[in-house]
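Keep the terms in mind along the way.

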Number of protein chains: 2
Amino acid sequence: MKRKGLLIVVSGPSGAGKGTVCREFLRNNPETVLSISMTTRQPRRGEVDGENYFFTDVATFENMIEEGGFLEYAKVYGNYYGTPKSFVKENLMAGRDVILEIDIQGALKVKEKFDEGVFIFIVPPTMEELKRRIQGRGTETSEELLRRFNSAYQEINFITRYNYIVINDSVKEAAKKIEAIITAEKCRVDRNKDFYTSLQGGIDNALSFNR
Amino acid sequence: MKRKGLLIVVSGPSGAGKGTVCREFLRNNPETVLSISMTTRQPRRGEVDGENYFFTDVATFENMIEEGGFLEYAKVYGNYYGTPKSFVKENLMAGRDVILEIDIQGALKVKEKFDEGVFIFIVPPTMEELKRRIQGRGTETSEELLRRFNSAYQEINFITRYNYIVINDSVKEAAKKIEAIITAEKCRVDRNKDFYTSLQGGIDNALSFNR
């Protein structure tokens, strides 16, 4: 029996650096499939359609909602963000790990439907550092900045709904921690029922051989 | 606050290769402390007192039982095996990880008292391989061999009481998996309450600054 892939949900407050950490992880683990979100927000400078996001319009997005085409979707800062469902499921069924980099609202919705996923919360080493990073991005109006601060502060409370915390003080180390988490999760007893059942089958055979 | 060390319990049926895997792990992670068991059984060829085991006599061992000096102890194949308690606790309190290589009876007793430990079950890739390994050791009488086979077969059923399965088809890979498990466990949300509580403290400060 083909082993299913693992869904790895990498999330955290805005400014925690989850995008940078995921890119570093994928550079070292090219066999892992990145789930690309769909959004109706405007591309930021340097963002590429089909790479950072699938950029689309509101009408198209709402059609896909109607058709049940999203694993999760949410409206954040007035824009839609969603995870196309079929892409994720097909890869998992084919035994490929899928990594989902999404905001906290999205991650919690995925968790409702997909509790067997691995939920990783990326945090900055301190809140001061988070503030610095949100400001340093320099692509937002001051009103949007304040909204992001407050949202990030509130979002930290959702940490207890996650399985793992990865502190992003070094991108390299944070990406390595995600690798270790995936290796460990694949060793979890509750994810290896097929294997140990087959070992137990081997036991019965061996015992009947002894009789 | 000093972070406590992690207790890593490496266990599995006789012949699974837990000793070899632990040695490989310790070679690459010399900062991890090996808990040395005490036993009343005779040393096997090549075993060194204070390295493989503390070898002792029955009277001394039973005195230590009386004094509550063991984290766990058991009689296996007519011999006592036990884990001296103070050594483990002192190292954990000092922030050092401790690795315990013990049989399944011992591991399950440790779990009763020390549920926050990480319980790793080492298994051979197949039961045929386990049989081959037990035979290959060549240091037992045929009666002892049969007892070991049957015991190993029954012990596989305890796998569900463990957190992780590590399949020992390659010692190097198995040792790396233990490393990954330790890294991942240190990232678990429920092991990082102090950290995220301090982050949340940072939140309150930042919010009062905003007012």
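Two strands pair if DSSP finds at least two bridges between them. Helices (H or I, at least four residues) and strands (E, at least two) are DSSP runs, numbered from the N terminus. This is a predicted model, in which local features need pLDDT of at least 70, side-chain atom pairs count only at pLDDT 80 or more, and totals for chains, interfaces and linings use all residues. Residues are numbered from 1 along each chain as its sequence is written, while chains are lettered from A and ligands numbered from 1 in the order in which they are written.

Chain B holds an open sheet of four strands in the order 4-3-6-5, with mixed pairing. Strand 4 (54-55) and strand 5 (70-76) of chain B are its edges, and each pairs on one side only.

Follow the order across. Strand 3 (residues 38-39) of chain B runs parallel to strand 4 of chain B, over two bridges. There B:Met38 stands opposite B:Phe54. With strand 6 of chain B, strand 3 of chain B pairs in the antiparallel sense, again over two bridges. Here B:Thr39 faces B:Tyr81.

Strand 5 and strand 6 of chain B are antiparallel and joined by six bridges. One bridge pair is B:Val76 with B:Asn79. These two strands of chain B form a hairpin with two residues between them. In the turn, B:Tyr77 has a positive phi of about 50°.

Helix 4 (residues 104-113) of chain B lies across strand 5 and strand 6 (79-84) of chain B. Its direction is at about 150° to strand 5 of chain B. Axes are lines fitted to C-alpha atoms, for helices over the stretch in contact, and angles run from 0 to 180 degrees between N-to-C directions.

Now turn to the interface. Two residues are in contact if their C-beta atoms, placed from the backbone, lie within 7 Å.
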